[in-house]
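Please read it alongside the sequence and the model.

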Amino acid sequence: MPFDPAASPPKRLVTMGRVLGAHGVKGALMVASFCDPPRRLLDYPVWWLRRDGSVRAVRRVSGQDSTKGLIVEIEGVTDRDVATAMKGVEIAIDRDALPKLRPGQYYWTDLEGLRVVNQDAVDFGRVDHLFDSGAHPVLVVRDGERERLIPFVLDHHVLAVDLDAGLIRVDWDADF
């Protein structure tokens with residue numbers, strides 16, 4: 001598919017990094033990657049830049065590792081002032097461009113918005129977001145009145161994930 005900077009953004013974008021600021025005087029960007037390993041962000045030649053509700057496609061020209069993040073050049077940015085003004089811009093990738101996962105593996109973005117019910121069919125609400133506790137990811141589930149933090153540990157707290165049905169079944173007490 002040819003690169004089209006005027007194309008409409010894909011239906012599902014996943015934030016994979018953020019511009020930290022300028023690097024050097026020729027418009028290179030210092031980028032924080034949310035990928036593991038961080039260099040994996042360089043595997044995607046087209047990035048979608050987001051700020052304040054605005055989204056636009058850019059083509060990555062080059063990139064390399066550094067001790068403070070990635071140093072990246074993108075098409076059309078050749079000036080330090082322009083690069084400096086991009087600080088804080090989110091870097092997103094089309095969800096469909098991400099690698100396929102093995103059974104039992106999930107992208108967090110695919111879990112967000114799913115309904116969560118326990119083994120007694122008590123509806124806990126929907127996954128608002130996830131965060132990493134260091135030991136494992138944690139689902140933040142909200143129902144409008146209450147927020148629950150449920151460890152995302154498959155076959156222990158998380159009994160089943162059905163992406164097609166939009167449902168996560170958990171072994172979690174309703175009073176927690």
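**Helix 1 and D81**

D81 is part of helix 1, which spans residues 80-85. The model is predicted, and the points below are grouped by topic.

- With a relative accessibility of 61%, D81 is classed as exposed, because the cut-off for that class is over 50%.
- A22 is 59 residues away from D81 in sequence, yet their C-alpha atoms are 7.9 Å apart in space.

**Aromatic pairs**

- Two aromatic pairs are present in the structure.
- One of them joins Y106 and F152 in an edge-to-face arrangement, with 6.1 Å centre to centre and 90 degrees between the planes.
- Y106 sits in the loop between strand 6 (90-94) and helix 2 (108-111), while F152 sits in the loop between strand 10 (147-151) and strand 11 (158-162), so this pair ties together parts 46 residues apart in sequence.
- Y106 has a relative accessible area of 24% and is therefore partly exposed, whereas F152, at 12%, is buried.
- W172 and F176 also pair: their ring centres are 5.6 Å apart and their planes are at 80 degrees, so this pair is edge-to-face. The edge-to-face class requires planes over 60 degrees apart.

**Charge over a ring**

- The ring of F124 has the charged end of R148 over it, 4.0 Å from the ring centre.

Conventions. Residues numbered from 1 in each chain as written. Predicted model: local features only at pLDDT ≥ 70, side-chain atom pairs only at ≥ 80, totals over all residues. Heavy atoms only, no water. Helix = DSSP H or I, 4+ residues; strand = E, 2+ residues; numbered from the N terminus. Buried < 20%, exposed > 50% of the residue type's maximum accessible area, 1.4 Å probe, protein only. Phe/Tyr/Trp six-rings, centres within 6.5 Å; stacked < 30°, edge-to-face > 60°. Lys NZ or Arg CZ within 6 Å of the ring centre and 35° of its normal.
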